[in-house]
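Thank you all for making the time this morning.

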Amino acid sequence: MTFTVFFTHRVTRLVVRAASTGCRHHFRKMSSIVEKVGKQHPRIAVCQLTSSADKEENFSVCRSLIEKAKSQGVQMVFLPECFDYIGESIKQSLEQSESLDGHLVSKYKGIAKELQIWLSLGGFHQKNTDQFVKNTHIIINSDGHVVTTYEKIHMFDADIKGLRLHESDYTTPGKCIKPPVVTPVGKVGLGICYDLRFPELALILARQGAELLTYPSAFMEPTGIAHWESLLRSRAIESQCYVIAAAQVGRHNKKRSSYGHAMVIDPWGTVIAECSKGIGLCTAEINMDLLHDVRLEMPVWHHRRNDLYNQIYSFSTENTTVDEQETYKFGHIDIPSSQVFLNTPFSFAFVNIKPVLPGHVLICPKPVVSSFSEVSDEHTSDLWCTARKVGDVVKKHFNGTSLTFAIQDGLEAGQSVKHVHVHVIPRFAGDFSENDDIYRKLQEKPVQGKTLKLKTTEEMEAEARVLRTYFT
C-alpha cells in the first residue's frame with residue numbers, strides 16, 4: 001500500500017509530462033520506477049495492547065504478538081508505551097518497576113534471541129528511586145542485546161476533562177536526545193508518546209540521519225480523537241521519515257483508558273498500516289526508495305533557512321551532557337564516556353591519547369564516516385561550532401596564545417583512523433622551530449617513552465573531568 005499510493009501518483013505525473021513533451025527522459029524515469037515495484041523491503045510489525053497491572057498477563061500477550069509477527073516475516077516489532085504494565089496508582093507503578101537488568105527485560109532479550117528478531121520496547125518503567133521511575137524506550141537486537149535506551153524527555157502533565165495525569169509526580173525526565181540507532185529496517189530515532197507534540201525532537205533526529213521515527217504511546221481518548229493522526233502525519237511530512245506509533249487501546253482500569261489506532265505513516269504522510277479496535281498488530285514495508293524519492297522531489301532540507309532558526313535550534317548544541325553509560329565510536333575504536341568532555345546531538349569531543357602539545361584534543365561527528373565530503377551540512381555546521389567552543393576552552397585552560405585546527409582527510413593526508421576528526425591544538429610561543437613541523441608531528445607513530453608519549457587512562461580521565469566543567 002505504501003508504494004502503491006506514491007507510485008501511482010508519480011507515474012501519473014510522469015505519463016502526463018511524457019505525453020505532453022514527448023520527452024524520452026520522463027519515459028525512462030517512469031520505467032525505472034516500475035522496476036522497483038517487485039523489490040523486497042524489510043517489514044515491521046506495530047502492536048496494540050490493553051495493558052493492565054498484571055505483568056505476567058501483559059508479557060504473555062506481548063509474546064504471542066511477537067511470535068505472530070515473526071511468522072509473517074517481520075524483522076522488527078514495536079511495542080507501545082507501558083507494554084510492561086499500567087498501574088492503578090502511583091504507589092503500584094513504583095512498586096512494580098524494575099531495573100534494566102531485571103527479570104522482565106531479560107525475558108524479552110530471550111525472545112529476541114530465540115526468534116532472531118529486533119524489538120522496540122516502547123516505554124518501560126525503569127526503577128530509579130523509591131519515589132521515581134524513568135520512562136525508558138529500549139531497543140534489543142536479534143542477539144538479545146540492548147543496543148540503546150532513551151529516557152522520555154517531555155513529561156505529560158495535564159488535567160483533561162477532570163482527569164489529572166502528572167507524569168512528573170513519579171517520573172524523572174531524560175536529559176538528552178539519543179542519536180538514531182541502526183537496525184535492519186533503517187535508522188530509528190526514539191521518542192515516547194508526549195514527545196510527539198514537539199516537532200523540534202523529530203527534526204533534530206532527522207538531521208542526525210533518522211529514517212524512521214517511533215512514538216510508542218498511551219494516548220488518552222480525548223486527545224487521541226482530536227490530535228493523534230494529525231500529529232503523526234505532521235511529524236512524517238515535516239521530517240520526511242517513516243513514523244511508527246505502537247499504541248495502548250481500551251480500558252486499563254477504572255480510571256484510565258487509551259485511544260489506540262496504532263499506525264505507520266510513510267514519508268509522504270500517508271497512513272499505510274493501522275490497527276483496528278482491540279489487541280492486535282499491523283505490518284508494513286519500509287521502502288527506502290520511497291523515502292529517498294520524497295526527499296529528492298520535495299527537497300525541504302536544502303531549502304531550510306538555518307541561518308534564521310538559531311533561536312529554535314541553538315539548544316541542540318547546548319545539551320552537553322555526557323552519557324555515562326554510552327560508548328562513543330571513533331572509527332573502529334570505542335571511546336569510553338569517561339574520556340569524553342563534550343557531547344552534542346551531532347558531535348563529541350574527547351581527550352587525545354597522543355597529544356603533540358598540552359591540550360591537544362579531538363572532535364568527531366557522531367556518524368562514523370571516513371571522508372569529510374560524507375559529512376552532512378548540518379553535521380558540518382555543528383562540528384565546526386563545537387570546534388570553536390572547544391578551542392576557546394583549551395586555549396584558556398592550557399594558557400595557549402594561538403590555536404591550530406586540522407583535519408587529515410584520507411590516508412595520504414595522514415589520517416590514521418577512518419573517521420573524520422578535527423584536531424584542536426593550543427599553540428605556544430616557540431613550541432616548534434618551524435610552524436609546519438606540527439603537521440609532521442601529527443603523523444608520527446607513537447612509541448611509549450620516546451618522542452610522542454602515550455597518555456595513561458587515568459591521565460585522560462582526569463583531563464576530561466576538568467574540561468567537562470567548562471561546559472556544564
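Strand β20 (residues 347–351) and strand β21 (residues 361–365) run antiparallel and are joined by five bridges, where strands are DSSP runs of E of at least two residues and helices are runs of H or I of at least four, both numbered from the N terminus. Before I go on, this is a predicted model, in which local features need pLDDT of at least 70 and side-chain atom pairs count only at pLDDT 80 or more, whereas totals for chains, interfaces and linings use all residues. Residues are numbered from 1 along each chain as its sequence is written, and side-chain values use heavy atoms, with hydrogens and water left out.

Within that pair, serine 347 has proline 365 of β21 as its bridge partner. Both strands belong to an open sheet of five, in the order β19-β20-β21-β23-β22, with antiparallel pairing; two strands pair if DSSP finds at least two bridges between them. β19 (340–343) and β22 each have a single partner strand, so one side of each is left without a neighbour in the sheet. Helix α13 (residues 457–468) lies across β19, β20 and β21, running at about 35° to β19, with axes fitted to C-alpha atoms, for helices over the stretch in contact (heavy atoms within 4.5 Å), and angles taken from 0 to 180 degrees between N-to-C directions.

Next, two loop residues. Cysteine 82, in the loop between β2 (76–81) and α4, has a positive phi of about 60° although it is not a glycine, and asparagine 399, in the loop between α11 (377–397) and β22 (402–407), also has a positive phi of about 60°. Are they buried or exposed? Cysteine 82 is buried at 8% relative accessible area, while asparagine 399 is exposed at 62%, given that buried means under 20%, exposed over 50% and partly exposed in between, with a 1.4 Å probe and protein chains only.

Finally, the lining of the second largest pocket divides into 14 nonpolar, ten polar and nine charged residues, where Ala, Val, Leu, Ile, Met, Phe, Trp, Tyr, Cys and Pro count as nonpolar, Asp, Glu, Lys and Arg as charged, and the others, Gly among them, as polar.
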